[in-house]
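Me: Got a model open here and want to talk it through. Can you help me read it?
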Amino acid sequence: MGWIAFYFNLSIISKEVVVLDECIFCKIVKGEIPCTKLYEDEQVLSFLDIMPAAKGHALVIPKNHYATLLDMPHEELKFVTEVIQKVAAATMVALPEVEGFNVLQSNNEVAGQLVPHVHFHIIPRHKDDKLNFAWEQGASEMAELKKYAELVKGKIE
Ligand code: 5GP
Ligand code: ZN
């Protein structure tokens with residue numbers, strides 16, 4: 001692992017965790033940049049978003065550096081998903097005005113991913129908030145849906 005870590009600017013900070021030196025979320029994992037921590041275990045970290053879309057807007061990340069969801073091992077994704085559920089449940093209980101939440105996760109710049117370390121947003125919602133995740137819904141034809149379904153189904157591993 002030693003020379004690989006050097007070549008890719010990776011740092012091994014524990015038996016479990018490998019971080020990328022220039023990544024802002026890896027710096028948070030290492031404690032080089034402070035964060036408002038909500039939860040931490042061996043594999044997962046949750047902290048408040050520094051530019052929140054709503055009060056209590058939280059992020060959940062794997063401590064290991066992966067750029068997108070597709071780069072993550074299944075096992076680690078399970079750990080992260082469990083923490084998303086824990087933090088969302090706690091947010092619902094702790095903040096009385098919160099009536100629901102969105103979990104948002106973006107992959108690659110084209111989808112709005114600004115920080116290339118996989119992360120999940122938990123965005124608390126209440127009745128009169130001004131947040132808008134609506135998109136214009138399009139029409140579809142069964143033949144076209146079937147065509148896309150066949151294309152994708154054939155690639156599921
Ligand atoms: P993305 O657009 O990549 O899905 O979201 C990245 C999120 O990370 C943004 O909501 C942004 O406010 C948050 N963020 C970026 N840098 C920092 C930081 O240094 N600390 C914290 N707590 N959040 C950050
Ligand atoms: Zn990182």
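Me: Which residues does Pro-124 touch, leaving out those up to four places away in sequence?
Reply: Pro-124 touches Ala-54, Lys-55, Gly-56, His-57, Thr-91, Leu-95, Val-98 and Phe-101. Touching here means that the C-beta atoms, placed from the backbone, lie within 7 Å. One caveat: this is a predicted model, where local features need pLDDT of at least 70, side-chain atom pairs count only at pLDDT 80 or more, and totals for chains, interfaces and linings use all residues. Residues are numbered from 1 along each chain as its sequence is written, and chains are lettered from A and ligands numbered from 1 in the order in which they are written.

Me: OK. Is Pro-124 buried or exposed?
Reply: Buried, with 24 other C-beta atoms within 10 Å. The cut-offs are 20 or more such atoms for buried, 12 or fewer for exposed, and partly exposed in between, with C-beta atoms placed from the backbone.

Me: And Ala-111, buried or exposed?
Reply: Ala-111 counts as exposed, because it has 9 C-beta neighbours inside 10 Å. Ala-111 sits in the loop between strand 6 and strand 7, while Pro-124 lies in strand 7. Strands are DSSP runs of E with at least two residues, helices are runs of H or I with at least four, and both are numbered from the N terminus.

Me: Sheet next. What's the strand order?
Reply: The order is 3-4-5-7-6, in an open sheet of five strands with antiparallel pairing. Two strands pair if DSSP finds at least two bridges between them. Strand 3 (37–40) and strand 6 (100–104) are at the edges with a single partner strand each, so one side of each has no neighbour in the sheet. From one strand to the next, the twist averages 20 degrees.

Me: How many bridges join strand 5 and strand 7?
Reply: Three, linking residues 58–62 of strand 5 with residues 120–125 of strand 7 in the antiparallel sense. Val-60 has Phe-120 of strand 7 as its bridge partner.

Me: Last one, the ligand. Which residues come nearest to ligand 1?
Reply: Ile-50, Met-51, Ser-106, Leu-114 and Val-115, out of 13 residues around ligand 1. A residue is near if its C-beta atom, placed from the backbone, lies within 6 Å of the molecule.

Methods
Axes fitted to C-alpha atoms, helices over the stretch in contact; angles between N-to-C directions. Contact = placed C-beta atoms within 7 Å.
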